[in-house]
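Dear colleague,

Please find below the structure that I am handing over to you. My notes on what was found in it follow directly after.

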Amino acid sequence: MDIQNFYRGDEFEAYRFLGAHFGDGYTTFRTFAPGAVRISVIGDFNGWNETPMGKVQDGNFWECTIKDADPGMMYKYRIYKKDGSCTDHVDPYGFFSEKRPGHASIIATLDSDIFTDKKWLDSRGNHYDKPINMYEMHFGSWRKKDEDTCYSYDELAEVLIPYLKKNGYNYVELMPLNEYPADESWGYQGTGFFSPTSRYGNPDGLRRFINKCHENDIGVIMDFIAVHFAVDDYALRNYDGTALYEYPNAAVGYNEWGSCNFMHSRGEVRSFLQSAAYYWLKEFHFDGLRFDAVSNLIYWQGNVNRGENKPATDFLKGMNNGLKERIPDIMLIAEDSSSYPRVTQPAWANGLGFDYKWDMGWMNDTLDYFRLPPDKRTEKYHMLTFSMMYYHSERFILPFSHDENVHGKATIIQKMNGQYEQKFPQARALYLYMMTHPGKKLNFMGGEIGQFREWDETREQDWDILHYPLHDAFRRYMKELNEIYIKNPALWENDYRDEGFQWIDCHCEQKCVYVYKRCGGGQTVAAVFNFSDRNADYSLHIENASKLRLLIDTDNQIYGGNTVPDAELKLQDGTVNMVLSPFSGRLYQIAFQT
């Protein structure tokens with residue numbers, strides 16, 4: 001490792017120098033702790049007695065080599081501070097960890113011959129002009145072996161991958177799999193930024209999971225936290241007796257989640273974080289990272305009124321640019337609720353360097369609209385047209401994420417206005433609107449079966465509701481809708497080009513009817529919606545169109561609706577009259593006159 005690069009914040013492989021590295025019967029331990037008075041390694045290999053570490057390099061790094069310290073053995077660093085006290089810390093660069101509630105680091109190797117996914121890696125990319133249908137999930141609560149036992153990385157691969165393939169998802173986004181102490185933090189309060197959580201097995205188990213996904217043409221994205229870390233004393237907080245990773249000032253040192261903010265103005269911190277990001281991409285073959293709470297990096301404490309956090313935005317630009325230089329075909333995704341410009345422009349073009357940004361504005365406007373009573377939707381009609389006013393400013397992903405299914409917000413289907421049975425047709429129409437709107441897609445687990453209970457990380461999803469006809473029909477609808485999305489290039493090839501979308505009618509306020517075209521791959525489709533609670537007589541005109549072939553009707557009886565739709569409609573001079581069911585949507589492929 002180039003030490004000057006490390007201090008400048010330009011290092012991306014600090015984990016190859018720091019941490020515990022095994023070879024030829026010896027393990028070399030190295031840690032960065034400039035404020036420490038002395039440090040010892042304690043672990044299984046020395047009976048948890050102290051083996052002193054010595055200063056190396058410029059005196060800010062500590063090192064020792066121990067014989068018979070083998071992979072699988074636990075260890076900690078005992079760090080003595082200037083006040084005479086000491087604290088046992090996990091290794092900030094540790095590659096594996098003891099299962100909670102324990103928290104020791106575990107010696108693990110980086111070398112792996114597990115991967116057989118070269119064909120996948122050679123074909124992957126940012127997929128701006130390809131379909132991306134992400135299934136976001138929490139690893140431990142999608143399904144459980146029993147009430148208290150989670151599937152391992154290997155076990156979940158056997159049941160999850162067939163489910164994803166059967167139901168039309170080509171990407172899975174995993175909530176954080178870095179090590180963390182409290183289950184209820186879902187991984188967002190990390191203690192092991194290089195350590196796959198031991199809740200579900202060992203690092204090679206995670207590698208096998210990703211490899212198997214790739215063998216089945218499923219990409220894997222992981223949530224990554226570069227904003228903050230857990231306050232547990234055994235981890236990064238006051239690591240060497242000083243605020244080494246965090247701010248020394250409490251006004252910016254702690255955030256709304258009660259955790260410590262990383263101090264991105266320090267080169268050592270930048271090198272730590274971007275090395276961790278590169279580590280997951282390089283050593284585990286993740287196809288991309290979704291960066292959590294980016295607005296809290298862009299602005300001080302996430303508050304636009306406090307101004308831009310320039311050290312943090314510079315960090316994002318440098319990290320994203322460096323990751324792209326090293327692995328050009330990965331996806332970098334920002335969860336950013338702000339209106340900060342050029343998030344998805346390259347760093348060299350004065351952007352932040354992400355490939356995609358979650359469209360939180362679209363998500364909030366859409367869900368707020370569907371919460372409205374039908375008689376209020378006419379006056380709020382343009383809540384659903386506003387997204388196309390700003391859409392081309394960034395490359396967006398449309399997210400219905402875990403955040404919209406928890407903490408009293410209600411699940412997506414529960415958010416729909418009205419009583420139980422009224423929610424299903426609205427949810428079917430909502431998801432058709434989502435899947436035909438420009439942008440890549442992300443849906444949280446449980447949404448595809450119409451789950452009403454909010455997500456709880458301690459319980460698996462309510463799979464038993466599929467015994468009820470409305471839920472089983474909804475499952476079928478979502479499966480077939482996903483397949484239509486994947487198979488029809490008009491819905492994704494030109495997501496970020498002007499020619500990909502055109503309004504046909506966005507001024508039918510009194511009827512709450514919306515109509516637009518999507519174009520791509522030599523195909524043109526028309527999406528027609530009635531979001532009112534009444535039948536709507538509607539005259540659809542499409543210039544030079546001769547007939548419409550139905551791809552899907554949300555009100556079809558097979559999905560729990562009330563109609564048996566016509567498979568094809570002929571147009572006279574480009575016009576056809578139709579009756580649109582309440583809370584419904586239709587998607588047609590257009591045939592034009594030759």
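Pro 101 is located in the loop that connects E8 with strand E9 (105-106). In this predicted model, the peptide bond leading from Arg 100 into Pro 101 is cis, and its omega is near 5 degrees.

Strand E8, which comprises residues 86-89, shows two faces: Thr 87 and His 89 are on the covered one, whereas Cys 86 and Asp 88 are on the uncovered one. In general, the side chains of a regular strand alternate between the two faces of the sheet. The partner of E8 is strand E7 (residues 74-80); the two run antiparallel and are joined by 4 bridges. Within this pair, His 89 in E8 has Tyr 77 opposite. E7 and E8 form a hairpin, with 5 residues between the strands. In the turn, Gly 84 has a positive phi of about 95 degrees.

Gln 57 is not a glycine, yet has a positive phi of about 55 degrees. Its place is the loop between strand E5 (54-56) and strand E6 (61-67). Ala 410 likewise has a positive phi, near 80 degrees, and is not a glycine. The loop that holds Ala 410 runs between strand E22 (396-400) and helix H11 (412-415). Are these two residues buried or exposed? Gln 57 counts as exposed because its relative accessibility is 52%, where the cut-off is over 50%. Ala 410 counts as buried because its relative accessibility is 17%, where the cut-off is under 20%.

I turn next to a pair of helices. Two packed helices are described by the angle between their axes and by the distance between those axes. For helix H9 (residues 360-371) and helix H12 (residues 420-436), the angle is about 155 degrees and the axes are 11 Å apart. H9 and H12 are therefore roughly antiparallel to each other, and their crossing is right-handed. On the side of H9, the contact is made by Trp 362, Thr 366, Leu 367 and Phe 370, and on the side of H12 by Gln 426, Leu 430, Tyr 433 and Met 434. Of the residues in this contact, 6 are nonpolar, 2 are polar and none is charged.

The remaining notes concern a sheet. An open sheet is formed by 6 strands with antiparallel pairing, in the order E24-E25-E26-E31-E28-E29. Strand E24 (501-508) and strand E29 (568-570) are its edge strands, each of which pairs on one side only. From one strand to the next, the twist averages 20 degrees. H12 packs on this sheet and touches E25, E26, strand E28 (545-553) and strand E31 (584-592). The direction of H12 makes about 40 degrees with that of E31.

Within the sheet, strand E25 (residues 513-520) runs antiparallel to E26, and 8 bridges join them. Tyr 516 stands opposite Ala 527 in E26. Strand E26 (residues 523-530) also contains Thr 524, which is buried, with a relative accessible area of 13%. Which residues does Thr 524 touch, not counting those up to four places away in sequence? They are Lys 517, Arg 518, Cys 519, Tyr 588, Gln 589, Ile 590 and Phe 592.

With kind regards

Methods:
Residues numbered from 1 in each chain as written. Predicted model: local features only at pLDDT ≥ 70, side-chain atom pairs only at ≥ 80, totals over all residues. Heavy atoms only, no water. Axes fitted to C-alpha atoms, helices over the stretch in contact; angles between N-to-C directions. Parallel < 35°, antiparallel > 145°, perpendicular 65-115°, else oblique. Left-handed = near helix turned anticlockwise from the far one by under 90°. Contact = heavy atoms within 4.5 Å. Nonpolar A, V, L, I, M, F, W, Y, C, P; charged D, E, K, R; others polar. Buried < 20%, exposed > 50% of the residue type's maximum accessible area, 1.4 Å probe, protein only. Pairing = 2+ DSSP bridges.
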